[in-house]
Amino acid sequence: DAIKSAYFNIFSFHKEEFPHNISKETQPGVVCSREFRPIDNVGLYIPGGNAVLPSTVLMLGIPAQIAACTRVVLCTPVKGEKINPAILYAAGLCGIKEIIKIGGAQAIGLLAYGDPTFRKVDKIFGPGNQYVTAAKLLVSIDPSGCAIDMPAGPSELLVISDEYANASFIASDLLSQAEHGADSQVIYVTTSKEKAKEVEKEIEQQLLQLPCKSIAEKALKNSFILITDNILDAIKFSNLYAPEHLIMNVRQSGDFTKLIQNAGSVFLGEYSPESAGDYASGTNHSLPTSGFARSFSGVNVESFMKAITFQSLTKEGLSSISSTIETLAEEEGLFAHKNAVTIRLK
């Protein structure tokens, strides 16, 4: 029931992302258009080292389903012989029928290059540890490899709060990301020294209750608290850091959204935990890390599509722009380009 409920919200939001085709007559007789097509053949990597992640199946499988990708291959590491049934159920909802029991960098290699019994994919999606991320980056620059969604490595969270925030909420948010892996990083930025001390105590207390305490403790060694003079300085720091997840746990959080330039996904207000985006609010949780939020978006429906441009010119339309084309082609020394216009008009 939980997977179905999450599926509904994620599908509902992502359906609105479907891109629209455009057509424009740039001048009489010259019509240019842009139309979207699905990427036919995609691979989804679902991590499984520290935890089983049916939520990631939904986050990648749903936009692929909406985009109408013809072939969707899922790779996931398996402990023992059988794939976790939650993974299979989520994959079934997304219409995925091809599943490979393999993980790590070797899964990326199989997806990118194929083998005698497996046809390679055209684009790989999905987060992973530093080895998976390194493998994705390598295959993306190899002409024999394939495209990737984005660089997405160890998880990150940055929380900004004022003096009014609930310290227990903040501590729970920080620990929710710290438990992802020892190489995760969580940062708390506040305008209040007192609140910083409260959060430290809350982290110590809540940490004792976590089954994966040892993992979270290692992540906390990579993490820190920063005190700024005001919220604007906190946002400036966040924009420099470009976090995967940003929580704005401040009063009137919506007033600051226009100042946020670099972040994968933003959570506004004290009742918007990062966990909501991870599972069921509707937005995607496959997001850029390591500062790549400065230049990359999170996974969306358009990630599973590509755009093709078209142009159609009448004889009159070509004539009206012929001198522009001929002049520029001649300036660049490309006389065959010029002649392709001249010969038609003769």
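Which residue in β6 does Val-42 stand opposite? It is Lys-123. Keep that pair in view while we go through the model.

First, the ground rules. This is a predicted model, so local features need pLDDT of at least 70 and side-chain atom pairs count only at pLDDT 80 or more, while totals for chains, interfaces and linings use all residues. Residues are numbered from 1 along each chain as its sequence is written, and side-chain values use heavy atoms, with hydrogens and water left out.

Now the sheet. Helices (H or I, at least four residues) and strands (E, at least two) are DSSP runs, numbered from the N terminus. Two strands pair if DSSP finds at least two bridges between them. Strands of a sheet pair through backbone hydrogen bonds, either parallel or antiparallel. Here, five strands make an open sheet in the order β5-β4-β3-β6-β7, with parallel pairing. β5 (98-101) and β7 (147-148) stand at the edges with a single partner strand each, so one side of each has no neighbour in the sheet. Strand β3 (residues 41-45) pairs with strand β6 (residues 123-125) in the parallel sense, over three bridges.

Next, the helices on that sheet. Contact means heavy atoms within 4.5 Å. Axes are lines fitted to C-alpha atoms, for helices over the stretch in contact, and angles run from 0 to 180 degrees between N-to-C directions. Helix α2 (residues 54-67) packs on the sheet and touches β3, β4 (71-76) and β6. Its direction makes about 170 degrees with that of β3. Helix α4 (residues 104-113) also packs on the sheet, touching β3, β4, β5 and β6. For α4, the angle with β3 is about 175 degrees.

On to a backbone detail. Most residues other than glycine have a negative phi. Look at Ala-242: its phi is near 55 degrees, a positive value. Ala-242 lies in the loop between α9 (231-241) and β11 (245-249). Is Ala-242 buried or exposed? It counts as buried, at 0% relative accessibility; the cut-offs are under 20% for buried, over 50% for exposed, and partly exposed in between (1.4 Å probe, protein chains only).

Last, the rings. Rings of Phe, Tyr and Trp (its six-membered ring) pair if their centres lie within 6.5 Å; planes under 30 degrees apart are stacked, over 60 edge-to-face, the rest tilted. The whole structure has six aromatic pairs. One of them is Phe-224 with Phe-237, edge-to-face, 6.4 Å centre to centre and 75 degrees between the planes. Ring pairs link Phe-224, Phe-237 and Tyr-241 into a cluster.
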